[in-house]
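Biologist: I would like to learn how to read the features of a protein structure. May we go through a few of them in turn?

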Amino acid sequence: MTSLVADPRLIVPLDQPGPEEARALVAALGDRVCFYKVGLELFARGGMALAQELKDQGKQIFLDWKLHDIGATVERAAAALSDSGCDLLTVHAEPQVMAAAVRGVGRSSLKVLAVTVLTSLSDEDLKDIGYASGARSLVERRIHQALAAGCAGVVASPQEAELARSIGGKDFLVVTPGVRPDWAAKNDQVRAATPAEALRAGASHLVCGRPISAANDPEEAALKVIAEMASVPAPSGAA
């Protein structure tokens, strides 16, 4: 197992309290992981500087900031990030927000992903929020809207990965959080799946956090995930 190399389809979130803890995780994982997610936990604590630092080390970076504001604000924010060299940026899957972000990044290498429905939400949760439809129906609608807005892909649970792939086509990015190997706890992920299940369903990238970052040996945990992923070939659209 130790001969396995990094799989670019695996994204590990840096959901640590601060940059130093995040750097420690990156160091522990070494060459086993080449793609990292910088999310809201680090947003106000040097997250952008850390992202640039990791880019300089040759890593790929997913800015999971879920932009959500009026179109003009989202467009300016996306434009400000367009020359960062980062690879992926999330926005909430509302038509005005998605279209504004796509305009903002322009022809840069930064790709916009639309967050469809959070993997922690069940159909009952959506009903409580005020949605008349369940998760699958809402995700389907938002996939079509993301395509119309020009997004490079979507963030959807493994349970909707096949739907996203069938609608988006072979080059559409389908990034799935809520990935939990059989040996890991599901935590707060309601619509979860194993790495192999998510890839077979059509995911181009997997976000796997706590099973790796909370493990006694993060490198060993990452290798176990990579080994499972190795049994599923990458689709042509994987970045």
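Biologist: By about how much of the helix are Glu20 and Arg23 separated in helix α1?

Modeller: Helices (H or I, at least four residues) and strands (E, at least two) are DSSP runs, numbered from the N terminus. Glu20 and Arg23 are 3 residues apart in helix α1, so about one helical turn separates them. Before we continue, please note that this is a predicted model, in which local features need pLDDT of at least 70 and side-chain atom pairs count only at pLDDT 80 or more, while totals for chains, interfaces and linings use all residues. Residues are numbered from 1 along each chain as its sequence is written, and side-chain values use heavy atoms, with hydrogens and water left out.

Biologist: What joins Glu20 with Arg23?

Modeller: A salt bridge is a side-chain nitrogen of Lys or Arg within 4 Å of a carboxyl oxygen of Asp or Glu. Glu20 and Arg23 form such a bridge, their closest N and O atoms being 2.5 Å apart. The structure holds 10 salt bridges.

Biologist: Which parts of the chain does the salt bridge of Asp15 and Lys37 link?

Modeller: The side chains of Asp15 and Lys37 meet at 3.8 Å, N to O. This pair links distant parts of the chain, 22 residues apart: Asp15 lies in the loop between β1 (10–13) and α1 (19–29), and Lys37 in strand β2 (residues 35–38). Asp15 is partly exposed, at 36% relative accessible area, while Lys37 counts as buried at 9%. Asp15 and Lys37 also belong to a network of salt bridges with Asp64 and Lys66.

Biologist: Where do Asp87 and Lys55 lie in the chain?

Modeller: Asp87 and Lys55 form a salt bridge of 3.1 Å, N to O. Asp87 is in the loop between α4 (71–81) and β4 (88–92), and Lys55 is in helix α3 (residues 47–56), 32 residues apart. Asp87 is buried at 17% relative accessibility, whereas Lys55 is partly exposed at 22%.

Biologist: How many aromatic pairs does the structure hold?

Modeller: Rings of Phe, Tyr and Trp (its six-membered ring) pair if their centres lie within 6.5 Å; planes under 30 degrees apart count as stacked, over 60 as edge-to-face and the rest as tilted. There is 1 aromatic pair here. Phe43 and Trp65 have ring centres 4.8 Å apart and planes at 90°, so the pair is edge-to-face. Phe43 belongs to helix α2 (residues 40–43) and Trp65 to strand β3 (residues 60–67). Phe43 is partly exposed at 48% relative accessibility, but Trp65 is buried at 10%.

Biologist: At roughly what angle do the axes of helix α5 and helix α7 cross?

Modeller: Two packed helices are described by the angle between their axes and the distance between the axes. Axes are lines fitted to C-alpha atoms, for helices over the stretch in contact, and angles run from 0 to 180 degrees between N-to-C directions. The axes of α5 (residues 95–105) and α7 (residues 135–149) come within 9 Å and cross at roughly 35°. Contact (heavy atoms within 4.5 Å) is made by Pro95, Met98, Ala99 and Val102 of α5 and by Gln145, Ala146 and Ala149 of α7.

Conventions
Buried < 20%, exposed > 50% of the residue type's maximum accessible area, 1.4 Å probe, protein only.
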